[in-house]
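Here is a short report on a protein model. Look over the sequence and structure first, then read on.

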Number of protein chains: 2
Amino acid sequence: MRPGPRALAVSQDRLAEKTFLSGLGLATAPFRTVPNLEALGPALAEIGRPAVLKTLRFGYDGKGQAMIREGSDVPELHRGLGGGPMILEGFVAFDCEASVVAARSVEGAIVAYDLCENEHDRHILARTHVPARVAPGVEAAAKAIAAEAIEALDYVGVLALELFVARDAAGEPRLLVNELAPRVHNSGHWTIEGAQTSQFEQHIRAIAGWPLGSPARRGRIEMANLIGDEAEEWRDILAQPDHSLHLYGKLETRPGRKMGHVTRVFAEPPRGV
Amino acid sequence: MRPGPRALAVSQDRLAEKTFLSGLGLATAPFRTVPNLEALGPALAEIGRPAVLKTLRFGYDGKGQAMIREGSDVPELHRGLGGGPMILEGFVAFDCEASVVAARSVEGAIVAYDLCENEHDRHILARTHVPARVAPGVEAAAKAIAAEAIEALDYVGVLALELFVARDAAGEPRLLVNELAPRVHNSGHWTIEGAQTSQFEQHIRAIAGWPLGSPARRGRIEMANLIGDEAEEWRDILAQPDHSLHLYGKLETRPGRKMGHVTRVFAEPPRGV
């Protein structure tokens, strides 16, 4: 089975995920386990506010989580998330969010696409920029973290590692791992037009036991999701010569629903020039 | 119905096609109609040898045609092609073969991809190069011919115009129209990776009544067909970082059968630099 059951076990449970990442020595937001409401008070005292309370499973696009601020009704928030076992995470004041989309072959070869800088709007990915506008060294460090995680999972296929680019006490860039997505990822959709090998082809190459393809980028990338009724602009988008439009064929438009995306690839000077 | 019945009527019958092209004042190889074997002698006397005898319908990849040289057994060649009504064409000594893949929208907008230079091997397209290595002015002239033909057909969709790049008596380049293909074309397969809009998306845009996409090219193109057992090299091709492989999923490999193709896009300096 590829990518393999371990990746699923680790990534579908936020506690297993954080434990796995910490076990690799990778930095994450501080966290505490919260088996029940009684445990939440002491955890909150340790983590401080603001903090983010999250269910262990079934979270995406901001679902299954709630911010606890000064004055929040904590029992009510806990109840609103279903009242089961949860995880409490410290809030990270980050400069930006980023992701590494990487692939590992059956033979263990690893390739990563360039670092994606991701802008979210109400917890939903709105725009991805590549290259990410980060300090020198941050991209290489992020790719190294992704390689470490994909290797430790003995993963085969495409995986995305979501990161916060924050700062340490001295103001230097510091990477915190947010979560693992054991699959092709929204922040990698630009690879269809923008890379030598798309993340979708890359995943098939990996799980079929074929050689991985080149992740070389064709230019500077801007990818914008079409959320809810933004997709109704499709005809205007089609008329823009440098916009590559993708609609997902969802029959119903709902607020906050990802209906499609648009990729733009801009010429940039060759590297080293 | 799009592209429309006229394009089909014209392009599926070699006599109708030649008559249509000549009617537009476009240059083609000299030709004569050959309703039966008796008419072939006089036609051959007028056209001269070598000449190419072709059935009126169902010809592709060199099928349905035969070269008549000095000493050829003409009645035998005529019989071998089925003995029905045919067309006799003068043999054109060309510098190269080329094609224009163009699209026309419901509103009548026309866009053309850059001129494709096509190398054939035993009548089957082997390689396409873009830009075509032709004299200045030839590409613009070819696109103008394609626009004239697509307009005259009131065509909607993607069409390919196949051309011979020959020379006139003074040695200047001269374009002769070979045939019309009322569809996406093998010589345009490079547009999947090599153009802002692929010929397949372009065709859908056209027939759906959407705005046409940009045909802008992403670099210098080399496309090679995989004929017969050439497709068995697929694993080596996949391991080349700049090769984009397409296999058509045909279950049986036969000599001369198009099994797939490989596209390479090379960086080239921006125009005007």
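## A strand trio in chain A

Val130(A) has Ile221(A) as its bridge partner in S11(A). This pair belongs to a set of four bridges that join strand S8 (residues 124-130) of chain A to strand S11 (residues 220-227) of chain A. The two strands run antiparallel. S11(A) is also joined to strand S13 (residues 258-266) of chain A, by eight bridges and again antiparallel. Here Ala224(A) has Val262(A) as its bridge partner in S13(A). Strands (E, at least two residues) and helices (H or I, at least four) are DSSP runs, numbered from the N terminus. Two strands count as paired if DSSP finds at least two bridges between them.

This is a predicted model: local features need pLDDT of at least 70, side-chain atom pairs count only at pLDDT 80 or more, and totals for chains, interfaces and linings use all residues. Residues are numbered from 1 along each chain as its sequence is written, chains are lettered from A and ligands numbered from 1 in the order written, and side-chain values use heavy atoms, without hydrogens or water.

## The four-stranded sheet of chain A

Chain A has an open sheet of four strands in the order S1-S4-S2-S3, with antiparallel pairing. Neighbouring strands are turned by 25° against each other on average, direction ignored. Strand S2 (residues 51-55) of chain A is joined to S3(A) by four bridges. Ala51(A) stands opposite Ile68(A) in S3(A).

Two helices of chain A pack on this sheet. Helix H2 (residues 14-23) of chain A touches S1, S2, S3 and strand S4 (86-90) of chain A, and its direction makes about 145° with that of S1(A). Helix H3 (residues 37-47) of chain A touches S1, S2, S3 and S4 of chain A, at about 175° to S1(A). Contact means heavy atoms within 4.5 Å. Axes are lines fitted to C-alpha atoms, for helices over the stretch in contact, and angles run from 0 to 180 degrees between N-to-C directions.

## The sheet of chain B

In chain B, four strands form an open antiparallel sheet in the order S1-S4-S2-S3. Strand S1 (31-34) and strand S3 (65-68) of chain B are at the edges with a single partner strand each, so one side of each has no neighbour in the sheet. The twist averages 25° from one strand to the next. Four bridges link strand S2 (residues 51-55) of chain B to S3(B). One bridge pair there is Leu53(B) with Ala66(B). Helix H3 (residues 37-47) of chain B lies across S1, S2, S3 and strand S4 (86-90) of chain B, at about 175° to S1(B).

## Where the chains meet

At the interface, 17 residues of chain B are in contact with 17 residues of chain A. The chains bury about 1,500 Å² between them, 46% of it on carbon and sulfur atoms. Buried area is the accessible area (1.4 Å probe) that two parts lose on being put together, summed over both.

What is the count of salt bridges between chain B and chain A? It is zero. A salt bridge is a side-chain nitrogen of Lys or Arg within 4 Å of a carboxyl oxygen of Asp or Glu.

## Salt bridges overall

The whole structure holds 40 salt bridges over all chains. One of them pairs Glu151(A) with Arg104(A), the closest N and O atoms being 3.8 Å apart. Glu151(A) lies in helix H5 (residues 138-152) of chain A and Arg104(A) in strand S5 (residues 96-104) of chain A, so the pair ties together parts 47 residues apart in sequence.
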